Amino acid sequence: MSGRFLFVGKRLILAVPLLLGVVLLVFLLLQITPGDPARQIVGLRASEADVAQVRDQLGLDDSVFSQYARYLGGVVQGDLGFSYKSRQPVADMVAARLPVSGWLVISGLVVSLMITIPLGVWAAIQRDRAGDHITRGVSLLGIAMPSFWVGLMLILLVALPTGWFPVGGFGDTFGQRLNAIVLPAVTLGIAMAPIQIRSLRASIIRCLGSDYVAAGRALGASGFLLVRRFVLRNAASSMVTLAAVQTSFLLFTMVVLETTFGLPGLGQGMVMAAVQRDLPAVQGYTLVFALTVVLVYLLADVVNAVLDPRVEIRG
Amino acid sequence: MDSCVPVRSRSAQICRHTRHAAGVIVIGAIMAGCAGSNTDAPDGATGGGSANELVIYRGEKHEGWHPDAATGIATSHNINSVMEPLLRAHPDGQQVEPGIAASWDYDPEGPSYTFVIDDDAAFSDGTPVTAADVAFSVEQWLDGPNYGEIYGSIANVVEVDERTVTFELGAPDSTLPVMLTWMSAAIIPDDFGGRSAAEFYADPIGAGAFAVESWTPGSEIVLTRNEHYYQPERPYLDRIRIVETDDVSQRAVSYEAGDADIVDAVSIDTLQQFPEDELIPAPEHFLTYAGLNVTREPFDDVQVRRAVAAAVDYGAVTELLQGYGSAPQGGLPENVRNWVPSSHPWHEHDPDLAADLLAETAAATDLVLIYDSSLGSERLVATVLQDSLAAVGIGAELRGLETAAFIEALHGLDYDIAVWQMSAISPDVIDPIGFYLVTDYLFTGYDTTTLGEVYQQYTQTTDEATQQTLIRSVQDEIHDQVPFLPLANYQITGAVKPHVDGFEMAPWGMYWLDELRVAR
């Protein structure tokens, strides 16, 4: 590993206490939430003795520290425990839902880039002219529209009248999934694009004022050619950072959209586990979300270092 | 000078862009494939099912395949479809029918039941159902902490021959066949088919009409036809997809879009979003009630309980049901075998009488009225109740609790008034009586000594007139002592597309999937 990338190892090491802290926080929050998980497992008709037996089996009467330590011991071995509700391994539940969320996030990012790049570039080139004002106005509108509302509008105005897209579910075959993901991806793209457009516009405007761009102009480059060859790579650096910062927002939007469109992804699983007070499942999903944020931030730093050789990140 | 992006050849850039695009597509394809892709699935499965597939949308989540852990109607329904019990409940809510047991015979003198297993009964892997499987299944029922007690009359199981089995009882029990229609009486392979219990219930097989193709907890269940099902030609469908979604609007919209063929248990607040002629209600049965905590003031005083019974505006509660319900005629869910009303009509809305009764008692203020916040309709009912109480000077604070917290509050009697709902799941009024018995009259803390005696007497006789007299005595006790307030009986309602045939829902909302057909 090159010296410039030594920070990766340091970051990974620093991520461990961060993840431990997140899991502990969720663990403590769930401890103080009312409702006895043992009663949920054993059923309404069971006697108090049966409930007590289940509490004992699950170690729910042990100290919070013991329960936390036991959980962490399992996590280290890849064991996220068993769901209180479905009695399935949480790791299996997460694995089953992960591809759906991944499918949504990747297609949403593609859509957002398809919106962001042309509009961001156009707004920068059209700086302070009508095109710029219109783009910025539309971006502002996009920021103001909640994603669940956009999703519902797409269902009501596109899916229902045309019948081209399902209003919910993920389907079985590749074709069905591609079809099912279109509207959620467009919604996610619309949710993410406005801030990206404004960021890209600002970066491009900054780059356009640089000496090297002036040199490009002197060589005869102009318009989109100038932007593509001399500006975009440098401007992309801030986009990558922004994308990382948007990860939390992306995960939140994913939760909302999976519920709106009935997609069986991690977000929907998280909501269901929280509603059912399925502690091991909530912990499992939270761990995955936290890990995702940590890895995305790390990835963004790596990409930035690749994009700009001057970048030196200290762990 | 700032570093500059090297100007590369156009072909190299195109190549790079193509690689990126291809990378995205490949990642997408891999992810779609990873998500349990089923290439055998019929085309159009995302929509409302293809030629012989059916899509059902519902709000209630499947809780798992362990029969003893099932508490909801939906879970019971799913388990019955895969691990069918010995006997079947007829949708009319009155009769027990043959099922895996083609016939049965009760000997009250023995006392014992002898069951003859259908010659064609087989598990979905093709293995015939034998007496040994039934005997093993009974062991599992009895071990269940939740439902084991209701099979407590079975003292011994004798395997008479390969297809005949006798349950020797410790005491006469004329109602055992009713309990054998429950999901908790699932028939499973002897010794879990050579697997551990955990392995088996993670991926169960049974002798029901369908086998489990997949289950994504909280999202979807896919069932496929059991080719070895004992009923000729059934099931009529090759595949059933059950989509679970909390969002009531999404269920309605999916139905409108044709993605769903059936929405079962349509939420009251979305009834108007469905075509009226496609709504099929079950007979009135579900009981919405308000439990009164009789273990503490003010409801330890029967005078206060009667006052509250007179204070409730039953008409306003019924109005919430939009024509799919009626005012209660007693404290037991209706339209099941042997249901009879109490000797007197249920208390009427009479605020003046309520005020008079309250004037003779200690003041009832600052009460806590809890409800399960996951059920949207119950907040409405709780609000009506709160208004009714306020009209006679009783102040009650509404507290919507998440289901687990609500159930804990019920068990801990940590409330004054609790709004909830209940139903039977089998065709005999002894079913709710049993529930009242194990829950101290719906978690009110009311003494169940008399009810326990009634239960015993009911199960020991086969005479319907005697049984109905006993039920009337229970109704009368509820009427006079008011441990809880029956607020309304409502009809659970399913939305069913015209191309679906064979949908007949029992009063408690379950229907047999093997009877459904589609004609697109």
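A salt bridge, as I use the term, is a side-chain nitrogen of Lys or Arg within 4 Å of a carboxyl oxygen of Asp or Glu. Side chains of opposite charge can pair when their charged atoms come close.

This is a predicted model, where local features need pLDDT of at least 70 and side-chain atom pairs count only at pLDDT 80 or more, while totals for chains, interfaces and linings use all residues. Residues are numbered from 1 along each chain as its sequence is written, chains are lettered from A and ligands numbered from 1 in the order in which they are written, and side-chain values use heavy atoms, without hydrogens and water.

Over all chains there are 20 salt bridges. Take Arg337(B) and Asp428(B), whose side chains meet at 2.4 Å, N to O. These two are 91 residues apart. Asp428(B) has 1% relative accessibility and is buried (under 20% relative accessible area; exposed is over 50%, partly exposed in between, with a 1.4 Å probe and protein chains only).

Next, Arg241(B) bridges to Glu53(B), with the closest N and O atoms 3.8 Å apart. Arg241(B) sits in strand E10 and Glu53(B) in strand E1, 188 residues apart; strands are DSSP runs of at least two E residues and helices of at least four H or I, numbered from the N terminus. Arg241(B) is buried at 3%, and Glu53(B) is buried at 1%.

Last, Lys61(B) and Asp246(B) pair at 2.8 Å, N to O. Lys61(B) is buried at 11%, whereas Asp246(B) is partly exposed at 47%.
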